[in-house]
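Please have the picture open while I speak, and follow along residue by residue.

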Amino acid sequence: MMKIWSMKQKQQQAEAATAGTKKKKVTAAQLRVQKDLSELSLGSTMRTTFPNPDDILNFTLTIEPDEGMYRGGSFHFSFVINQNFPHDPPKVKCTQKIYHPNIDLEGNVCLNILREDWKPVLNLNAVIVGLQFLFLEPNASDPLNKEAAEDLKTNREGFKRNVRSSMGGGNVKSQTYDRVLK
Amino acid sequence: MVAAVATPPVLNDVSQDRARWKYLDNILTRRGPFTDEQCNPGPDLIETLSKAKVLVIGAGGLGCEILKNLALSGFKDIHVIDMDTIDVSNLNRQFLFRAADVGKPKASVAAAFVERRVKGVSITSHCGKIQDMDEEYYKQFQVVICGLDSIEARRWINATLVGMVDMDDPDSLKPMVDGGTEGFKGQARVIFPSMTSCFECQLDMHAPRAAVPLCTLATIPRQPQHCIEWAHIIAWEAERKEDILDTDDPAHITWLYEKANARAAEFGIAGVTYSMTQGVVKNIIPAIASTNAIIAAACCNEAFKIVTNGIASYMGLENNYMMYTGDGDSGVYTYTFLHEKKDDCPVCGNLARNMEINSELTLEEFIEGLAERPEAQLKKPTIRTEEKSLYYQAPPALEEQTRPNLKRKIKELLEDGEEIAVSDPAFQIDFKFKMVFSS
């Protein structure tokens, strides 16, 4: 062991010495999230909200699409990041009940990089770009809300009408949706 | 082989009660071709080994093997920590446990068993989480051997051991030997915290858990496992949102099993069973006893060589990562290599440096100063402590929420000696500073 230590001392000579009292250290997950947050490109259609600014691992993302079928809506997603990030993906859920082929009534989101295709090299920006894309191009081939997907596939105009009425807080096929208009 | 020896020869300096350790003593008292120059074989080395205090983290599949191996390798002061209790499904490979032990804490049962079988060994058990122990606790050991099954726990102990390294105290450098197995595959590695590539540097060696797209689960399940995952992720949430799923509660697993079974019937899929449900929900990868034995043996060999100061050359400085695969398709194979340290590793790549600061300054003045300080030169820094977000340049909401801190004094925001982490878009890596108040 002493051999290891003498090697360590040699290694250290080139670097600045460390000392001092031991306090709680910023965790690896916090560091990574901090980095990801500084690189977010939110543009004019997205914003974040931090219920507790000291806790950057829990926040809400609001997407307000300015084009596409969901234009005029304001959609909220909760981001819950654990200490295993970026090994584990962030847990993302829509907090409103919305009519969307890739989002179920509980708010689960079908986005490949949130589950099967997540890799630690991906960052939070990749996730928000993915979410934004779901509103521009809802995808009928990966359905979580089967009825919505079926509508989109068979009757695009009818689907658009359903989107409008659901966003206003109306009913689509016996389901009442949350009002999400700005 | 001689069938019987009437009286075993007694060496001068090794007493009769060392008979059990005859072969071990042969190694410890003779110089071999791979013995380090600084290692002194002889009676002192036997004593060094028996006095070494070692910590074993985990008393499960690997832990049982490790405890047994250490005790039989001449270690006499072993500590073990584990938070789990014994489950009936552990008994096939966790050989220190018997049916009557089911429900008891793993650490204490394993310790008692080994103490009973290997006289003279002391095993101190601790039933609890590694996170509940502080640096003082970890400081008492000479080497830490991990037989863990979770990445989270490994990251925690790794960061703790790296953070403990203190240049003024040689005793603060704790070598970490980490074993891991998954089915027929496994790895053993040696980490000299802050000197060699750490667990965080090697994080990408672990493939994230394979997952099935949510939409497959929701719409077109093809396999019995899909039906179980559906019950686990979607049905539970939809129907029992208020209950927290306890994967150890048979009633909960039964509920999921019945849901999965009904869904499988609906789609004409056969093969959903209760034990498959348990396996999928708890993400159980069948553990193979032989993999555990091989990996634990490698870990204990390394610990032995480190504690004896190099009776044979140990892994760590040159090669530090041994991977093993014993799966039928690719044959039995091991490969040992050097995993290099990452300069931008968030744990060991940039250990906190001291920064002297006048605590009467405001955060804003401090940030302006950062741009000029030669050791930082940061123009757009984002700063936090473990507890607080001090100032964020982005996103806008967070900037606005942390802006009031700019006018506050350092001493109102920080304690003397507290660590801050600074990121700046101009740099790939983050900086950590230990803030030392100069007034």
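I will go through chain B as a whole, then the cysteines, and then the surface.

Before that, a word of care: this is a predicted model, in which local features need pLDDT of at least 70 and side-chain atom pairs count only at pLDDT 80 or more, while totals for chains, interfaces and linings use all residues. Residues are numbered from 1 along each chain as its sequence is written, chains are lettered from A and ligands numbered from 1 in the order in which they are written, and side-chain values use heavy atoms, with hydrogens and water left out.

Chain B has 14 helices and 13 strands, where helices (H or I, at least four residues) and strands (E, at least two) are DSSP runs numbered from the N terminus. Along the principal axes, its C-alpha atoms fill a box of roughly 85 × 70 × 40 Å. Of the 439 residues in chain B, 51% are buried; buried means under 20% relative accessible area, exposed means over 50%, and partly exposed lies in between, using a 1.4 Å probe and protein chains only.

Now to the cysteines. A disulfide is a covalent bond between the sulfur atoms of two cysteines, and here the rule is a pair of cysteine sulfur atoms within 2.5 Å. How many disulfides does this rule give over all chains? The count comes to one, formed by A:C110 and B:C215 with their sulfur atoms 2.4 Å apart. This pair crosses between chains, from the loop between β4 (91–94) and α3 (124–136) of chain A, where A:C110 sits, to B:C215 in helix α7 of chain B. Both A:C110 and B:C215 are buried.

B:C198 counts as buried, at 0% relative accessibility, and so does B:C345, at 2%.

Finally, the surface. B:M205, B:M323, B:Y333 and B:Y335 make a nonpolar surface patch of about 400 Å². B:M205 lies in the loop between β6 (185–191) and α7 (214–218) of chain B, and with a relative accessible area of 34% B:M205 is partly exposed. B:R117, by contrast, counts as exposed at 59% relative accessibility, and its place is in helix α4 (residues 106–117) of chain B.

Note on methods: Patches are made of residues with over 30% relative accessible area and no salt bridge: like charges are joined within 9 Å, nonpolar side chains (Val, Leu, Ile, Met, Phe, Trp, Tyr) within 5 Å. Accessible areas come from the Shrake-Rupley method with a 1.4 Å probe; for residues, only the protein chains shown count as cover. A salt bridge is a side-chain nitrogen of Lys or Arg within 4 Å of a carboxyl oxygen of Asp or Glu.
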